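Biologist: Hi! Could you walk me through a model with me asking and you answering?

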Amino acid sequence: MNLSQRILKNPRLWLLSGQVASAGVGFLSLGLLARQLPQADFGAWVLFLTNLGLVEMIRAGSIYQGLVTFIAGAQSSEEKNAFVQVGWIQTTLLTAGLALLLHGAYWIWPQPLDQWHFTLFFKQAGLILVVTLPIQVATWIAHAHERYLPLWILSFSATLALFVAILWDDHLTLTQLFRYFIFIRVALALLAIFWFPPWRLGKLDDRFQQAWQKMVGYSRFTLLSTLGSNILKSADVWLINAYLGPASVALYNIPMKLLEVVEIPLRSWSMTSFPKFSA
């Protein structure tokens, strides 16, 4: 195998290039949104993404790390299949619980959440979580099996498609932006289900119960660490919104996106190394 073939088959290169491209396109999207949307609406969109990131971290902290760890370390295809079954079921149950909790919070405290500009996220929480569920589980399974091409496509396509929609729409509003966001993720969710169909996993057997217990035991540790680190990253956005308003959140978010580029090489290396360490 020559040098060019080694480079093309290097998973770290695939992830690094995809994350660099995604970060670049995402930053361009924010620049366009900063010009097209009023500052208050742009800040509300940043708050929406921040809250969505926190909820996704709850799902990831509960299931993602354990799923990759146990699938990569499983000794047989049947054992791997049992963990995939557990991943789908646990994520579905957790999604239903989170959706009910978020809708209940908006039903109980509508005025404070409206004043904090959290309306978009809390009112649409159920739809958002259901649509993004297949995408999350598919990327976790792809990562566990070291299938980096589907992972790359699912992650980068969402950023690129939204950038094209923002670029194409000259009269963009916050409501229309959210519709683009949902439509893109519906398409990606269908693609994720096509790649990793849960109905082909077969019947549940004794391995399922063992896998369930292992996943629950593992998530007790990963959930707190993952959620804690994400809350620390999101707290500044919430505090700025509380004291200065969404317009200040908009101004603060743009340079912060540039700083995230520094994390990309380390993130791509850790993602490709994680299944190997687990195995």
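This is a predicted model: local features need pLDDT of at least 70, side-chain atom pairs count only at pLDDT 80 or more; totals for chains, interfaces and linings use all residues.

Biologist: Where in α7 does the kink lie?

Modeller: Helix α7 covers residues 125-144, helices being DSSP runs of H or I with at least four residues, numbered from the N terminus. Its bend is the angle between axes fitted to the seven residues ending at a residue and the seven starting there. The kink is about 35 degrees and comes shortly before the proline P134, at T132.

Biologist: How many of the residues of α7 are buried?

Modeller: Buried means under 20% relative accessible area, exposed over 50%, and partly exposed in between, with a 1.4 Å probe and protein chains only. By that cut-off α7 is mostly covered, and of its 20 residues the buried ones number 18.

Biologist: Is T159 buried or exposed?

Modeller: T159 sits in helix α8, residues 148-168. Leaving aside neighbours within four places in sequence, T159 is in contact (heavy atoms within 4.5 Å) with S22, V25, G26 and S29. Its relative accessible area is 19%, so T159 counts as buried.

Biologist: What is the phi of E146 near?

Modeller: E146 is found in the loop between α7 and α8, and it is partly exposed at a relative accessible area of 34%. Most residues other than glycine have a negative phi. The phi of E146 is positive, near 55 degrees.

Biologist: And which residues is H117 in contact with, leaving aside its neighbours within four places in sequence?

Modeller: H117 belongs to the loop between α5 (110-115) and α6, and with 33% relative accessibility it is partly exposed. Its phi is positive too, near 65 degrees. Beyond those sequence neighbours, the contacts of H117 are L47, N241 and P246.

Biologist: How many residues in the lining of the second largest pocket are nonpolar?

Modeller: α3 (39-73), α4 (77-108) and α6 (119-123) each supply at least two residues of this lining, which includes N51, F118 and W238. Ala, Val, Leu, Ile, Met, Phe, Trp, Tyr, Cys and Pro count as nonpolar, Asp, Glu, Lys and Arg as charged, and the others, Gly among them, as polar. The lining has no charged residue and one polar, and its nonpolar residues number 11.

Terms used. Residues are numbered from 1 along each chain as its sequence is written. Side-chain values use heavy atoms; hydrogens and water are left out. The expected span of a helix is 1.5 Å times one less than its number of residues. On a 1 Å grid over the protein atoms alone, a cavity is a set of points where a 1.4 Å probe fits but cannot get out, and a pocket is an open set with protein on both sides within 12 Å along at least five of seven lines; lining residues have an atom within 4 Å of a point.
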